[in-house]
Amino acid sequence: RWHDCLVPFPQGKYPGPYFALDAALHSVGASQLSADQLEARHFGKLGNSSQSKALISLFKMMEGAKKFAGKCGGATGISPKRIGVVGAGVMGSQIAVLCAKKGLGVYMRDIRREVVAKGLALVKATFDRRVAKGRMTREKADARIALVRGGTEVSGFSDCDLVIEAAVELMPLKKKIFLELEKTVRPDCVIATNTSSLSITELASVLANPERCVGIHFFNPVGKMPLVEVIKGGEKTSGDSIATGYRFALQLGKIPVICNDCPGFVVNRILGIYMGEAVKLAIEGCQLPYVDDALLDFGMPMGPFRLMDEVGLDVAAHVAPVLEQGLGERYASDPRYLELVKANPQWLGKKTSAGFYVYDKAGKGIQGGLNPGFKRKLDRLVETSSRRLSKSTIADRCVFVMLNEACMVLEEGMVDQPEDLDLAMVMGTGFAPFSAGPLSYADFRGISQCVARMRELAKKFGKRFEPHQMLVKMANEGRRFFPDRPDPKQVRQIPASECPRSKL
């Protein structure tokens, strides 16, 4: 039946399509009055649901991010026309493709000619596929391909308005690249980095003019992920550099969020503690698909282990020590798990066709596809007998460590307002859009209820679940993160069980 097709993607969390389908099917054999009455009843019920209020808030946050005015403290910056990309690997090539799609000229540089050739081939193949699918004319595709030049010479950056570094995540290498760029580019050229975790402030310190340095963090895959984090390098990054980074993101059709410099910035910092909790659950004996299913039921687009396969187990393992060093022991990973990842380079996730799960050549998960080899080795790390937690407990554990970390991000002033954090988490991780983000989720669930549940979890699973003092204070004072939004007590979430199922 048609409504069955609605279940897999939204996990039954978005009632709108069910009600819309029911109204449409009812209207086939009903009078105009009857059809209008049913549609009005459905609309009224949906309009007062928590999903509706959250999605309206999310829409407003997205639209607000697209408006440059007021986002950069009066600074104007420029809309760059000539873009330089350092690194012709997957990330650099994807950035070049996106720039070319928007009509921007690109010079892509790498130290090896074969890497440059491969990057340019990826650019061409991307536009060729669009032609083959009828999404672009051959003439337009050729014009876009011609916008991207490549080479090994640094001099190719001499006419660029903005150069973005997308090299390997090694601080010494990136510092060397920055020094080389500063000698080559124009004095007014903004020098940016696409690092996912390294300090922008430290990178900028090697420049004679650190005010021109800014973080512009794209998420992989670049063409699909809507978020770009625009990161200030401490107090030295100029307002115009931030404004140029923001304008650049808008030019590319992205949703930019400005944040301050810290390990992992906003998204990877909060996502890192979420992934870490998932690994703890695995080492406690929880089955990987069961954990993934628990977070899918919560409303995440995929479970944490599927997500780690997408990101790359090596990438996640590389970022973990950076977060631990900069943010403390709450990010500490089991060294046996990190060693397991390092010792098995054939199991790095989707890119090697095997990680926690196994994949076919097209990157599709194979039915029942746990990776048996990895699972056997992971099972050896299990410290307790296989634990059977409820799915709601698993979801609470993963979500509440994120909420605690989100409070720390706010407390430290990493973002200007709670809306920025929620928007970043939804656009950068797919955090349950029907809740509009982790802070909005806490409002809808009730701050007092969150605090009480976190204290229960702390007694059973450790002090990391003790609610942040910000939450405790808000609960005591009856405050919310978003007091200007509709009172969560006046709305309710429509569960999947209440979604109409047409008899047709």
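**View 1. A network of salt bridges joins Lys124, Asp128, Arg138 and Asp142.** In this predicted model, the four residues Lys124, Asp128, Arg138 and Asp142 are linked to one another through a network of salt bridges. A search of the whole structure finds 31 salt bridges, and three further pairs are taken up in the views that follow.

**View 2. Arginine 82 and aspartate 159 meet in a salt bridge.** The closest N and O atoms of aspartate 159 and arginine 82 lie 3.7 Å apart. Although 77 residues separate the two partners, the pair links distant parts of the chain, with arginine 82 in strand E1 (residues 82–86) and aspartate 159 in the loop between strand E3 (148–151) and strand E4 (162–165). Aspartate 159 is partly exposed, at 36% relative accessibility, and arginine 82 is likewise partly exposed, at 22%.

**View 3. Arginine 269 forms a salt bridge with glutamate 412.** The side chains of arginine 269 and glutamate 412 come together with an N to O distance of 2.8 Å. Because arginine 269 belongs to helix H10 (residues 267–283) while glutamate 412 sits in the loop between helix H16 (391–411) and helix H17 (418–429), the pair ties together parts that are 143 residues apart in sequence. Arginine 269 has a relative accessible area of 0% and is therefore buried, whereas glutamate 412, with a relative accessible area of 39%, is partly exposed.

**View 4. Arginine 453 and aspartate 396 form a salt bridge between two buried residues.** The closest N and O atoms of arginine 453 and aspartate 396 are 2.8 Å apart. This pair links distant parts of the chain, since arginine 453 is in helix H19 (residues 447–461) and aspartate 396 is in helix H16, 57 residues away. Both arginine 453 and aspartate 396 are buried.

**View 5. Val168, Leu170 and Leu173 make up a nonpolar patch on the surface.** Taken together, Val168, Leu170 and Leu173 have about 250 Å² of accessible area. Leucine 173 belongs to helix H7 (residues 171–184), and, with a relative accessible area of 33%, leucine 173 is partly exposed.

**View 6. Ser440, Asp443, Phe444, Arg480, Phe482, Arg485, Pro486 and Pro488 line the largest cavity.** The count comes to 1 cavity of 30 Å³ or more, and the largest cavity has a volume of about 40 Å³. Sorted by class, the lining of the largest cavity holds 4 nonpolar, 1 polar and 3 charged residues, among them Phe444, Ser440 and Arg480.

Terms used: Residues numbered from 1 in each chain as written. Predicted model: local features only at pLDDT ≥ 70, side-chain atom pairs only at ≥ 80, totals over all residues. Heavy atoms only, no water. 1 Å grid on protein atoms, 1.4 Å probe; cavity = no way out; pocket = protein on both sides within 12 Å on 5 of 7 lines; lining within 4 Å. Points joined across faces, edges and corners; volume = space filled by probe spheres on them. Nonpolar A, V, L, I, M, F, W, Y, C, P; charged D, E, K, R; others polar. Patch = residues over 30% accessible without salt bridge, like charges linked within 9 Å, V, L, I, M, F, W, Y side chains within 5 Å. Areas by Shrake-Rupley, 256 points an atom, 1.4 Å probe, with all protein chains shown as cover. Helix = DSSP H or I, 4+ residues; strand = E, 2+ residues; numbered from the N terminus. Buried < 20%, exposed > 50% of the residue type's maximum accessible area, 1.4 Å probe, protein only.
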